[in-house]
Structures are given as C-alpha cells and as structure tokens.
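The sequence and the model come next, and the notes follow.

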Amino acid sequence: MSKVTWQLGTVVSIVPETPHVKTFTLKLPNWTPHLAGQHYDLRLTAEGGYQAERSYSIASPPEQVGEIALTIELVSDGEVSGYLFEGVGVGDELELRGPIGGYFVWRGLPDAPPLLLVGGGSGVVPLMAMLRHRQGVGVRTPAVLLFSVRTPDEVIYQAELEAMAQADPTFTLLLDYTRQAPASWAGYQRRIDAAMLAEVVGRFATPPQCFVCGPTGLVESVANGLQAAGLPPESILTERFGPTGG
Amino acid sequence: MAGFFSNKGFQPKRASNHKLPPGQYETTDFPVLTAGPTPRIPLTQWSFSLEGLVEEPITWSWEEFNKLPQQDFNPDIHCVTKWSKFDTHWRGVSLDTLLAQVKLKPEAKYVVAYCYGGYTTNLPLADLLDGKAFIGHTFESQPLAPEHGGPARLVVPHLYFWKSAKWIQGLRFVADDEPGFWERAGYSMYGDPWKEQRYDTDDEDLASDSNIRL
C-alpha cells in the first residue's frame, strides 16, 4: 500500500448535477488507481492555519486515469461544502489524500456475483463509481440500482444512468421518488420498504452482493429489509452518513 | 505543513472554543457508521465475557452485569470520519471494575474486542485501565439504541471511536497486537485522534516496519 500523503489537486471542471450537488473533477500529480467505492479526504486550510477535513466518495472509475471526480452535496451551513460551492473555481488547487477505504469496495472481478446497489440521495456517488467501473472493465454480471430520491430534480447522474440502462440490458435502473414523482410516473413512489426490497431481490436468479449507501435511516431499514428478503448479513455492505457534515 | 498552503478566502465557521483534535469538526447529533446490518441481540441472550490470557475466564449475563457497580461517564468522542461530539452522557461499568474480577496472565499485553455480528477491534491492554474505558449501556438517560451499539458497547473515548466496539460480546486478552476489522482494511492499529492516526500509514512505527509490510 502506498503512503497516503497530502497532495495538491487542480480543479479541472465543476459540473452542477442537481440544485444542491456538484461534481468537482481534480487532476492529481500523484494519482494512483483506486477501487470503486473508496474515498478521498479533502482538507481546507485558513490563512491562520485552521484546518477542516471531510471525506468524499470518488464518483469516477479507476479507468479515468490521472484525475478523480468528487460529487459533493451542499450541506446547510456546511463549513467545507459551503466554501467549495462558493469559493472554488476551475484552476484552483485543493489539498487531498487518498484513495482510502478497503471495505465498501467493488473490484469488478469477472466471476463477481450479481450486484444490487441501493442508494439514497448523494449516497449514490460510490455506487456510480461501481457502475462506471463495471462498464469500464466490461463485466456483464447483472446489476440493479435502486435509487431513492425525494423529488425529480434530485436525481444525480440521471441522463448518464438512463443512457446506461438503455445501452446495457444487464443493468436495471429503478428510481424511487419518495415525496414527489414526475407526472405519469409508473415506478416506485414510497420510502423503500421490505415489500419493495423483496420484489427487487426477486429479480435476481442468484443471490446478489449488496452495497447500500445513504442516510442512516435509509441504510438501517434497507439492511434489515434485505435480510428479511433472505440475504445473509455478510452479503450486505453498508455506508451511512448522518444528517451532519459540512 | 500548514503555512505553505492555504485556501484563499476560507474562514472557519466554528464558534465554540472547545479543543478539537486535528481535522475534526464538532457535531451535536450522533451519526452512525457501521459496515453492515445492525445486529439485534435480545437481553435474555446477551452475555459479556473476559477470556484468553486470564487464569479463569468469566461471563456475565445481562442481569449479572447490571448488578455490578455502575458509574457515569461524560467523555468527548472522536470518530475517524471527522466528527467529534463533546460532553456525552453514558452510564455503564468501568473496565477497572471488570478486570478486578479476573487474574490476567503476565503475557497479556493486548486486547481483541469481539462483538455480536462479527466485528472486532484491537487495543493495547494499558488503554483500558485506570478509568480510560468502560462498557456503556445507557446513553443520554436512554438504553443505548441498537444502531449505536446497544445493548452495550465498549467505550474508549481517548481513541477514534471505531475502537469503541458496538454490540460488545467480550474481550480476549492476547500477547501480540492482532489487527481487527477496520485495522485489516487499512486503518490505524492504535488510532490516537490527537496525533491524527486515521490510517495505517499514519502509525508512528511505519518507518521501521515498512520493509516487513511491503
């Protein structure tokens, strides 16, 4: 394992994904290939020396050599996300170290079991890295993304996910709108529950490996529901984020 | 390294003067971080054991454990995912109280905390002694919630909070430091927040160990 030291990345693009979410792509002088699901630590330093750090999941696949994409949600009154949204532009430098995390990762091996990804809000970010990596390495094990959002304007990566689902018959995108669905929506429109999970698990011919990422409440109920649907606890990997952050 | 680089226009938003370890921020709620589903342990099936390098292992039922001398603890806690929470209120049993009930063998130098659900973490024995650690079952006057590690969790507040193993089932005393769940996944063997030992490459002995590790 290479030493995880701080380096200065340069912002090469900033793309708005939703009203409160942006993707920052950074070119790194010491880029190393990451595993889909890993994160980077980002550190801000004030002139007086005060530092604030946050961890952000990598959205890009390891096939995107030399740079990383971090998709970041603006947290209300967030010390770090507030600065990134207001104070950072293309060409600016940011201190980063990574890649970090060896557990919530998908390696994309050819004999991997089918993949069930369940994301809530910006919890979709590490799952997107897995889907992009799956596409990049050409593994065609069946994959389902169950993606829960509150309203239609909160669907991060919507165009790319829909295009991926159209082009790849082994990938299924299931959007779930919990507060307000688009007009004439025929899909899920309630909080993810045990019945929905049993239905989704029923789509797989063999038991899937599950990655669940989102707010604590969603992850708790999804992890419980997947077990109730008959999946063993060791096949369910979770990553939670609380209502705090910044 | 501070001083060479700063982010133009970045201003701290923090108002409190309470001292934070490097890279941490203060939160007032209690985020959850767990690698898998939350185990549910009925109190009638719960037990806590001390085993390994002890003259005689010991196991307490929930009822027996609650009859042990109970104490209040008000630590600050620091999670490796960057949040710190100040002045938390716990009730539980000090490790000093528990360790007084067994005779450790002289070669016992480290501890593996093992848990319902299969989680493990490793600590030096010395970090559990002299009021530095407890088994907590009550948080802010309520039974500790399952997602925070209830019925009971180990609490070692001077180390990053992943060392404070949730759903604790027992402590195994060992002679050598054995990496636990997160430690095998690249996290620090010790986890001192004040030295910012988050990952294994932050550990102080890395330089001398590096030939072996590679």
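## Basis of the report

The model is predicted: local features need pLDDT of at least 70, side-chain atom pairs count only at pLDDT 80 or more, and totals for chains, interfaces and linings use all residues. Residues are numbered from 1 along each chain as its sequence is written, while chains are lettered from A and ligands numbered from 1 in the order in which they are written.

Helices (H or I, at least four residues) and strands (E, at least two) are DSSP runs, numbered from the N terminus.

## Helices H4 and H5 of chain A

Helix H4 of chain A covers residues 194–201 and helix H5 of chain A covers residues 216–228; their axes come within 9 Å and cross at roughly 55°. H4(A) is therefore oblique to H5(A). Axes here are lines fitted to C-alpha atoms, for helices over the stretch in contact, and angles run from 0 to 180 degrees between N-to-C directions. Angles under 35 degrees count as roughly parallel, over 145 as roughly antiparallel, 65 to 115 as roughly perpendicular and the rest as oblique.

From H4(A), the residues A:Ala194, A:Leu197 and A:Val201 meet A:Val222, A:Gly225, A:Leu226 and A:Ala228 of H5(A). Two residues are in contact if their C-beta atoms, placed from the backbone, lie within 7 Å. By class, this contact between H4(A) and H5(A) has six nonpolar, one polar and no charged residues. Ala, Val, Leu, Ile, Met, Phe, Trp, Tyr, Cys and Pro count as nonpolar, Asp, Glu, Lys and Arg as charged, and the others, Gly among them, as polar.

The 13 residues of H5(A) should span 18 Å at 1.5 Å a residue, and its end C-alpha atoms are 18 Å apart, which agrees. The expected span of a helix is 1.5 Å times one less than its number of residues.

Buried residues of H5(A) include A:Thr216, A:Leu218, A:Val219 and A:Glu220. A residue is buried if 20 or more other C-beta atoms lie within 10 Å of its own, exposed if 12 or fewer, and partly exposed in between; these C-beta atoms are placed from the backbone. In chain A, the buried residues of H5(A) pack against strands S7 (115–120), S8 (143–149), S10 (209–215) and S11 (236–241), and against H4. Just after H5(A), A:Gly230 takes a positive phi of about 105°.

Helix H2 of chain A (residues 124–137) has 14 residues and reaches 20 Å from its first C-alpha to its last, close to the 20 Å expected. H2(A) is mostly covered, with eleven of its 14 residues buried. Among them are A:Val124, A:Met128 and A:Arg132.

A:Tyr157 lies in the loop between S8 and helix H3 (158–167) of chain A. It is buried, because 23 other C-beta atoms lie within 10 Å. Leaving aside neighbours within four places in sequence, A:Tyr157 is in contact with A:Glu17, A:Val124 and A:Met128.

## Contact between the chains

The contact takes 39 residues from chain A and 32 residues from chain B. On the side of chain A that touches chain B, the elements that give two or more residues are strands S3 (39–45), S4 (51–57), S6 (93–100) and S11, and helices H1 (79–87) and H5. The residues of this side of chain A divide into 16 nonpolar, 13 polar and ten charged.

## Backbone exceptions

Most residues other than glycine have a negative phi, and most peptide bonds are trans. The peptide bond from A:Gly98 to A:Pro99 is cis, with omega near -5°, and A:Pro99 is found in strand S6 of chain A. The bond from B:Gly150 to B:Pro151 is also cis, with omega near 10°.

A:Asp77 has a positive phi near 60° and sits in the loop between strand S5 (67–73) and H1 of chain A. A:Asp77 counts as exposed, because it has 9 C-beta neighbours inside 10 Å. B:Ser141 has a positive phi near 65°; with 8 C-beta neighbours inside 10 Å, B:Ser141 counts as exposed.
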